[in-house]
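Open the model in your viewer and keep the selection panel at hand. We will go stop by stop.

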Amino acid sequence: MKTLPPTLEQLAQLCRNGAWNREVKPALPSGFAELDANLPGGGWNYGAIAELMSDAIGIGELGLLIPALSSLARAGRYIAWIAPPYLPYAPALAQRSLPLNRMLLIRTNTLQQSLWATEQALRCPAVGAVLSWPTCIIDKNVRRLQLAAEAGDSLGFLYRPPEAALEPSPAALRLRLHAPSDDIACDGLIIEIQKSRGGRAGVRLQCATRLTWNARTGH
Amino acid sequence: MLWLCIRLPLLAREAFAANAEDAIERLAAWAYQWSSLVSYRLNDPPLLWLELGASQHLFGGHTALLAGIEAGLTQLGYSHVCALAPSPRAAALLTQVERQRCVFTRAELRIRLDPLPLSLLDLPEETRDALQSAGLRRIGQVLALPAASLARRFGPETNLYLRRLLGEANDPRPAWQLPATYRARCEFGCELRDTTALLFPLQRLLLEFQGYLRGRDCAVLRFTLKLEHYRHPPSDVAIGLCAPAREAAQFLQLARERLHNIVLPAPVRGLGLEALEFTAPSILQADFFGSDAQQLQQLQLLLDRLRARLGADQVQSLQPQADYRPERAWRFAPPAQSILASTNAADQEYLPQRPCFLAADLQRIAPPAQLLSGPERIESGWWDRTDVARDYFVARAENGARLWVFRDLADGAWYLQGLWT
């Protein structure tokens, strides 16, 4: 059987990874082809922290993770939600094919407790992904969480305010999330890759991460 | 029969126990994991006997077994001298010599005892003096005397002692019984003001507890630590687990999280451990292939740790609930239960799409400028006096967020129910 010559895209990816023979760790496809094409390994990397800096709550920043979380949970791993700003709504999660018996909701009173719980959850091999909403953290905390994610080989997602984009961070992946300016005409989350270890930063792309409604047609 | 004798010269002091009996009882409970025949002598120095002949094969031979026991004693922090002999009295005698404290057969025992001084024999003072004054110096010389003349001179007890020493006569001793519930406590000579200082004595209590649980082949779901104060009622710290466990390291980790949160009402003078209920150990420990079972075990460790630190009801799972009112269409579920239960997503398919985030409390908002979808009318709840009549819409906020809002038909006000995220 003849093997196909590599495409330009694949060549570019190999160049970015530094060497032809460098092994790219398998990643978990995010479920959005545009995003996967721009992430090293073709998806969310295991054992790494991704920071998501969203302009607002409710622009589709959670929908970005749902396909990946769904495949993790269906494979039997648990998803920990640590101190989310609103209550994850059980009927909606079930509708979006997240098995509820794999969800762990952890509520905390202080930032210190949140960070501790995030670290513990990341280190646990049974937990596949940890979503955490820390109120304000510094790069030392992120480094600690990054090490915990490496130890547990899990996916860590930190939701941070947009101001955090101005500070440096040791997270492997940093994404800025914006709502499109004309979001009625084209409803999709704008993702700006601010930092990507082993990948290319500065890319801007758009993914339809939430349900769409059109004012004219109703649904 | 092969007897191990452990001499514990500093037991009462090292155990921080109220009295010597408490200390040796705790250690006997610990030692029961190695042998089903345990007995002890309380008066000085305390001696603990274990019969190893029956259990040595289980633990991979007497060398491995002895190494395990000695390592355990060292970990607990007791100074100890161990000796092995075919009879309990000979083992006790050999704990007093400098080296070559292990003999395995009666023939070896006789040779080993031969050069030892007479003063090591556990005979009455006057008997030993009389033997000394007769010019005898070594045990071998006493053993060589004709039994009949020894009996005539010193009474039959001396003969019986010597025959028991050599393992020739039966030497029955009361077999120590495991108590049905576990209680251990230690007293400190000083007052501890800091919970981290408690971890050191706690570690030993937990290691002894682990020995007891292994000896009984059982596990616990909860146990209580009692912190004793001066002129203040003791504070109880209950430690609960998701799954039956018996590992001291796991207990210590949970206890550390619990103690971390506790403010001591007064300095601590003593520490107790109490376990009243026991269950069969979790079979998952021995499961070699089941990764699911292993995963569940790891998750239970995580849940225990989170609950110990954050509080039991801060860690939850979610379940849908059959109700049309959105704020009642879900409920918390304890994670350990819902892990076993399976959720049927099909139940939710009859409903229109719902947002992933729900506002915990209803917030009154200004009438939204832009509605994208709706209305969906929900009228329900007349039977439990929280009657609702609402028109739900999807609204667009200024910053591009999609809100799930409703207009209350009773007063016409607008509320935020959730966010489409």
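Two strands count as paired if DSSP finds at least two bridges between them. Keep that in mind for the first stop, and remember throughout that this is a predicted model.

**Stop 1: a sheet in chain B**

Select strand β1 (residues 3-7) of chain B together with β4(B). Five bridges join β1(B) to β4(B), and the two run antiparallel. Zoom in on B:Cys5: opposite it, in β4(B), stands B:Ala83.

**Stop 2: two helices in chain B**

Packed helices are described by the angle between their axes and by the distance between the axes. Select helix α10 (residues 199-216) and helix α11 (residues 248-261) of chain B. They pack at an angle of about 145°, with axes 9 Å apart. The crossing of α10(B) past α11(B) is right-handed.

Show side chains for the contact. From α10(B), pick B:Leu199, B:Leu202, B:Gln203, B:Leu206, B:Leu207, B:Phe209 and B:Gln210; from α11(B), pick B:Ala248, B:Phe251, B:Leu252, B:Ala255 and B:Arg256. Colour this contact of α10(B) with α11(B) by class and you get nine nonpolar, two polar and one charged residues.

**Stop 3: a sheet with strands from chains A and B**

Which strands make up the open sheet of ten? Select them in order: β11(A)-β10(A)-β9(A)-β3(A)-β8(A)-β7(A)-β4(A)-β6(A)-β9(B)-β10(B), with mixed pairing. At the edges are β11 (204-207) of chain A and β10 (330-333) of chain B, each pairing on one side only. From one strand to the next, the twist averages 25°.

Go to strand β3 (residues 48-54) of chain A. It pairs with β8(A) in the parallel sense, over six bridges. A:Glu51 has A:Leu158 of β8(A) as its bridge partner.

**Stop 4: the rest of the interface**

Select every residue of chain A in contact with chain B. There are 48 of them, touching 48 residues of chain B. The elements of chain A that give two or more residues to this side are β5 (87-88), α4 (90-95), β6 (103-106) and α5 (111-123). α4(A) gives the most, with six residues. By class, the side of chain A that touches chain B has 31 nonpolar, twelve polar and five charged residues.

**Stop 5: confidence in chain A**

Finish by colouring chain A by pLDDT. The average is 83, and 83% of the residues score at least 70. Where is confidence lowest, and where highest, in chain A? It is lowest in helix α1 (residues 8-16), at a mean of 62, and highest in strand β8 (residues 155-160), at 94.

Last, select residues 215-219 of chain A. Their pLDDT stays under 50, and the model has five contacts for them beyond four places in sequence. Where pLDDT is low, the predicted coordinates should not be read in detail.

Technical notes. Residues numbered from 1 in each chain as written. Chains lettered and ligands numbered in written order. Predicted model: local features only at pLDDT ≥ 70, side-chain atom pairs only at ≥ 80, totals over all residues. Contact = placed C-beta atoms within 7 Å. Helix = DSSP H or I, 4+ residues; strand = E, 2+ residues; numbered from the N terminus. Nonpolar A, V, L, I, M, F, W, Y, C, P; charged D, E, K, R; others polar. pLDDT = per-residue confidence, 0-100. Axes fitted to C-alpha atoms, helices over the stretch in contact; angles between N-to-C directions. Left-handed = near helix turned anticlockwise from the far one by under 90°.
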